[in-house]
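Visitor: I would like to learn how to read the features of a protein model, step by step. Could you take me through this one?

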Amino acid sequence: MWQIFKKDFLDAFKTKKNIFVYIVFLGLAYVVAKNKTVFVVNPDPSQLPLFGSVDVMLLIFGLLIAGALFGGIVSGEVDRQTIRFIVPYVSRVKIYVAKFLAIFVYLILLSIVSIGFVLIYRQTFKLPWLDITMLFVTFLYVAALLMLISSLFNQEKLSVFTAAIVGIVLPILALINMLQPNNIINFILKLTPFGYLEPANWGSIASVLALSVAFTVLGGLIFSRKEV
């Protein structure tokens, strides 16, 4: 199991996409650190709440970035038929958990680097723990959603494309709903972390965690019955 986790996790760092991701995120973190005096999601009620700080930057772009890197984490193995050499020796549950953790840990590391850069630049180490908790729980959701998407397809390109579309569409829907509330869009967003960002509280964190568990179970069931 841990060998699978290690392989998927390290493979993400061996791609040119990963270098681009860290350059972009550190650049955005620099902009946030230089132009914001506080480190909260909504520092000023007159501003757009989704664009308050680096943690929300990670929320917005985390799914898109993770989708580009890990959208084919299951489908790629099926497409190349390499998973046939793993299944006889490792249970599907362990395979699923290992790949799930690879996505989650990658996003956690990305957030630590970005947030750490901001804290060091500002020379302060006060953290909004409620927002940080929401961020990490959202990463559980992202990992669960990507595992679900990748388990639904047998072609790597198709699953990566689907994950990218989802990563683009959801933030756009959140922005549209923020500017002009819509009941249909609001219902869709309630199936995602974007429906629970404002206000961030333990109830909203619990809701996103519940969604993460549900998507993880659903994806796991699909993967367990998938023909490889």
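**Reading a helical model**

Guide: Among contacts in the protein chain with a separation of 6 or more, 79% join residues 24 or more positions apart, where contact means heavy atoms within 4.5 Å. This is a predicted model, in which local features need pLDDT of at least 70 and side-chain atom pairs count only at pLDDT 80 or more, while totals for chains, interfaces and linings use all residues. Residues are numbered from 1 along each chain as its sequence is written, and side-chain values use heavy atoms, with hydrogens and water left out.

Visitor: How many helices and strands does the protein chain have?

Guide: Helices (H or I, at least four residues) and strands (E, at least two) are DSSP runs, numbered from the N terminus. Here the protein chain has nine helices and zero strands.

Visitor: Is Asp8 buried or exposed?

Guide: Buried means under 20% relative accessible area, exposed over 50%, and partly exposed in between, with a 1.4 Å probe and protein chains only. Asp8, which lies in helix α1 (residues 2–13), counts as buried because its relative accessibility is 9%. Leaving aside neighbours within four places in sequence, Asp8 is in contact with Phe70, Ile73, Glu77, Lys99 and Ala102. Over the whole protein chain, 46% of the 228 residues count as buried, and in α6 18 of the 24 residues do.

Visitor: Which residues touch the most other members of the largest nonpolar core?

Guide: A nonpolar core is a set of buried Ala, Val, Leu, Ile, Met, Phe, Trp, Tyr and Cys residues joined through side-chain atoms within 4.5 Å. The largest one has 61 residues, of which Phe70, Ile103, Tyr106 and Leu146 touch the most other members. Helix α6 gives the most to this core, with 14 residues. Not counting residues up to four places away in sequence, Ile103 touches Ala66, Phe70, Ile73, Ala143, Leu146 and Met147.

Visitor: Where is Leu158 found, and why does Leu158 count as partly exposed?

Guide: Leu158 is found in helix α7 (residues 156–179), and Leu158 counts as partly exposed because its relative accessibility is 37%.
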